[in-house]
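Biologist: I have a structure open and I'd like to learn how to read it. Could you take me through it feature by feature?

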Amino acid sequence: MSTQPAMINRYRWYELVSIYAGIFLFLTFILAPFIEGFLVSLKPLGLLFSSPYKFWPENGSFAAYRTMWISVPGFARYIFNSFFISIIVTAIVLVLVVPASYAFARFTFRGSGLLLGAFLAVNMFSGAVLLIPLFRLMRTFGVLNTYFAMIVPGVAFLIPSAIWLLRTYMMRIPRELDEAAFVDGASHFYTLRRVILPIAMPGITVVAITTFIGSYAQQFIFALTFNSKTEYMPLPVGLFAYFGRQEVIWNELMAASFVGITPAIIVIFFLQRYLVSGLTAGAVKQ
Amino acid sequence: MNVQRSTLIFAWMLLLPAVLYVVVIVAYPLLDTFILSFTDASLKKTTNWVGWVNYEKIFNTTFAEVIIRTFVWTFFSVAIKMIIGVFGACMLNAAVPGRALFRVLTMPPWIVPMAIGIFMWGWMYNGQFGMISGVLQNWGIIDGPIAFLAHGSTAFWATIITDVWIGVPLVTLYMLAAMQAVPQDLYEAAWTDGAGRFYRFRRITLPLLIPSLITMSMLSLIATFNSFDIIWILTQGGPNGETTTMIIDTYRTAIGSKKYGEGAARAVLICIFLSIFCLAYFRVTSRLSAGESNR
């Protein structure tokens with residue numbers, strides 16, 4: 001924060017060295033799969049399946065980034081599907097969560113604490129536990145093998161953390177604002193729409209981003225189980241198309257993975273400030 | 001009185017859509033699982049009430065082994081996540097140049113689609129061509145190639161490591177936030193009194209971190225217990241069922257073999273364990289926050 005490092009934060013040289021060594025070790029673990037994955041995407045398939053192992057690609061090229069679109073023609077569609085599903089999920093979550101968070105942040109009534117606890121308890125069940133009845137439910141709704149089979153259950157499991165985050169944010173908005181509006185004769189609904197929503201916009205943005213990322217990252221089990229139509233598959237399931245009958249086209253699989261990762265990486269670099277604050281808002285007691 | 005009543009109605013109006021959604025998509029399926037677990041539901045047209053048969057079947061099979069394996073798997077995964085996460089948080093908390101960048105670089109495993117990260121690990125574990133076996137051979141640590149996912153014991157640890165890798169960013173950033181919430185004047189007071197860096201960490205940071213540490217381990221426990229994608233993509237529970245956890249076994253029974261009834265009984269058992277964890281979590285966190293306000 002301060003312009004000059006405080007005396008307390010001065011490190012001796014051996015402390016600096018060990019800190020950087022520790023960071024290096026830590027980040028190696030975190031980033032190794034990405035580095036290896038990227039190098040694999042540069043290697044020709046023949047070279048990949050040769051021993052002894054070579055870390056650096058010899059005569060590496062970006063050819064896989066071109067051929068991946070030919071081997072799996074539907075790939076662009078998978079990325080579109082992933083985006084489409086995540087956007088719709090985020091929109092539905094916001095519509096449900098914004099009013100609910102306001103209610104939890106402002107009004108205490110009998111059972112409100114219990115209700116909030118019940119919402120948070122949803123977080124403990126993964127989709128995998130409820131898969132059988134969800135499958136039956138989706139069949140009853142007649143949405144198996146459509147986008148909705150992935151959207152509808154996806155939304156439910158993203159609601160709890162969204163409510164928790166946004167409620168924390170809204171509790172920080174001074175109550176006096178509501179009261180002033182009320183004294184001026186504004187209705188509850190008007191107050192929410194014209195006073196609270198504009199102020200809560202940064203918080204809503206954070207929730208939208210984390211929900212989108214969560215939805216983009218966690219599309220697997222519902223897509224695997226509730227949808228078998230290729231044209232609706234999101235990226236994580238679509239990538240299985242690179243698993244051929246004989247062998248896996250690893251270099252193209254990795255190239256495709258990197259293309260699929262790009263949106264997430266862009267989000268990290270531009271919005272990481274929001275992400276960290278979003279993540280930690282509910283985490284640390286103020 | 002009237003005002004209060006309209007407020008109450010308004011609050012419920014705001015809550016109703018979210019409540020209804022969760023009731024239909026989570027609460028009802030939960031109830032349905034419970035009911036199904038007492039039937040022989042399958043692809044057949046007819047479904048019969050069979051009482052406790054599904055539960056008896058569970059304990060006649062190797063399910064006890066699966067339960068124990070799940071707990072061991074979860075325990076090690078959570079423990080390693082916490083150790084690496086706290087280590088990472090300590091490193092990233094140091095006021096050194098470049099730390100903003102290092103923090104960003106921590107996030108990818110958490111943010112990219114899980115399946116993609118898992119594919120990359122799948123390749124790294126490959127015996128003939130993968131990085132881990134290759135590098136270990138180049139360094140002369142192991143003699144021949146090791147296909148980590150082909151042998152029970154290595155596959156068990158391989159799936160744990162991948163689960164740790166996906167969970168570490170969250171633990172790290174959470175613990176980092178907790179560390180930065182420690183009042184700076186405590187450190188300065190100790191520093192003025194001549195306390196060294198390690199002493200300050202042991203006597204100030206660590207004690208103040210314990211509530212966050214407990215909270216995070218319990219959240220991590222619940223998430224890890226539910227872990228599905230990693231094991232399913234890497235090994236599908238194999239080889240010889242050595243990586244079959246309760247979730248994987250449930251999925252196999254219910255979706256693979258279409259034995260909905262038997263699968264539901266397994267799911268109910270998972271729910272019971274999760275509820276115990278969840279209750280413990282609420283107990284502990286409410287006690288922690290009560291302790292905080294008493295201080």
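Biologist: How far apart do the C-alpha centres of domain 1 and domain 2 of chain A lie?

Modeller: They lie 32 Å apart. Before we go on, this is a predicted model, so to speak: local features need pLDDT of at least 70, side-chain atom pairs count only at pLDDT 80 or more, and totals for chains, interfaces and linings use all residues. Residues are numbered from 1 along each chain as its sequence is written, while chains are lettered from A and ligands numbered from 1 in the order in which they are written.

Biologist: Where are the bounds of the two domains in chain A?

Modeller: Domain bounds come from an automatic or database domain assignment. Here chain A is divided into domain 1 (7–61) and domain 2 (72–281). Eight residues of domain 1 of chain A are in contact with seven of domain 2 of chain A, contact meaning that C-beta atoms, placed from the backbone, lie within 7 Å. On the domain 1 side, the largest share, four residues, comes from α1(A). Helices such as this one are DSSP runs (H or I, at least four residues), numbered from the N terminus. By class, that side has five nonpolar, two polar and one charged residues. Nonpolar covers Ala, Val, Leu, Ile, Met, Phe, Trp, Tyr, Cys and Pro; charged covers Asp, Glu, Lys and Arg; the others, Gly among them, are polar.

Biologist: And between the chains, how many residues are in contact?

Modeller: In chain B, 79 residues touch 79 residues of chain A. Helix α1 (residues 2–36) of chain B gives the largest share of the chain B side, 17 residues. That side of chain B has 62 nonpolar, 13 polar and four charged residues.

Biologist: At what angle do helix α1 of chain A and helix α6 of chain B cross?

Modeller: For this, axes are lines fitted to C-alpha atoms, for helices over the stretch in contact, and angles run from 0 to 180 degrees between N-to-C directions. The axes of α1 (residues 13–42) of chain A and α6 (residues 114–124) of chain B cross at roughly 75° and come within 9 Å. That makes α1(A) roughly perpendicular to α6(B), a label for 65 to 115 degrees. Among the residues that meet there are Pro33(A) and Phe34(A) from α1(A), and Trp121(B) and Met124(B) from α6(B). The residues of this contact divide into seven nonpolar, two polar and one charged.

Biologist: Which residues touch the most other members of the largest nonpolar core?

Modeller: In soluble globular proteins, nonpolar side chains tend to be buried together. A nonpolar core is a set of buried Ala, Val, Leu, Ile, Met, Phe, Trp, Tyr and Cys residues joined through C-beta atoms within 7 Å. Buried means 20 or more other C-beta atoms within 10 Å of a residue's own, exposed 12 or fewer, and partly exposed in between; C-beta atoms are placed from the backbone. The largest core has 161 residues, and Val97(A), Val155(A) and Ile159(A) touch the most other members. Helix α7 (residues 147–171) of chain A gives the most to this core, 16 residues. Leaving out residues up to four places away in sequence, Val97(A) touches Ile159(A), Leu166(A) and Ala18(B), among others.

Biologist: What is the phi of Gln236(B)?

Modeller: Most residues other than glycine have a negative phi. Gln236(B) has a positive one, near 55°. Gln236(B) lies in the loop between α11 (229–234) and α12 (246–256) of chain B. Asn240(B), also not a glycine, has a positive phi of about 55° and sits in the loop between α11 and α12 of chain B.

Biologist: Is Asn240(B) buried or exposed?

Modeller: Asn240(B) counts as exposed because it has 10 C-beta neighbours inside 10 Å.

Notes
Two residues are in contact if their C-beta atoms, placed from the backbone, lie within 7 Å. Helices (H or I, at least four residues) and strands (E, at least two) are DSSP runs, numbered from the N terminus. Angles under 35 degrees count as roughly parallel, over 145 as roughly antiparallel, 65 to 115 as roughly perpendicular and the rest as oblique.
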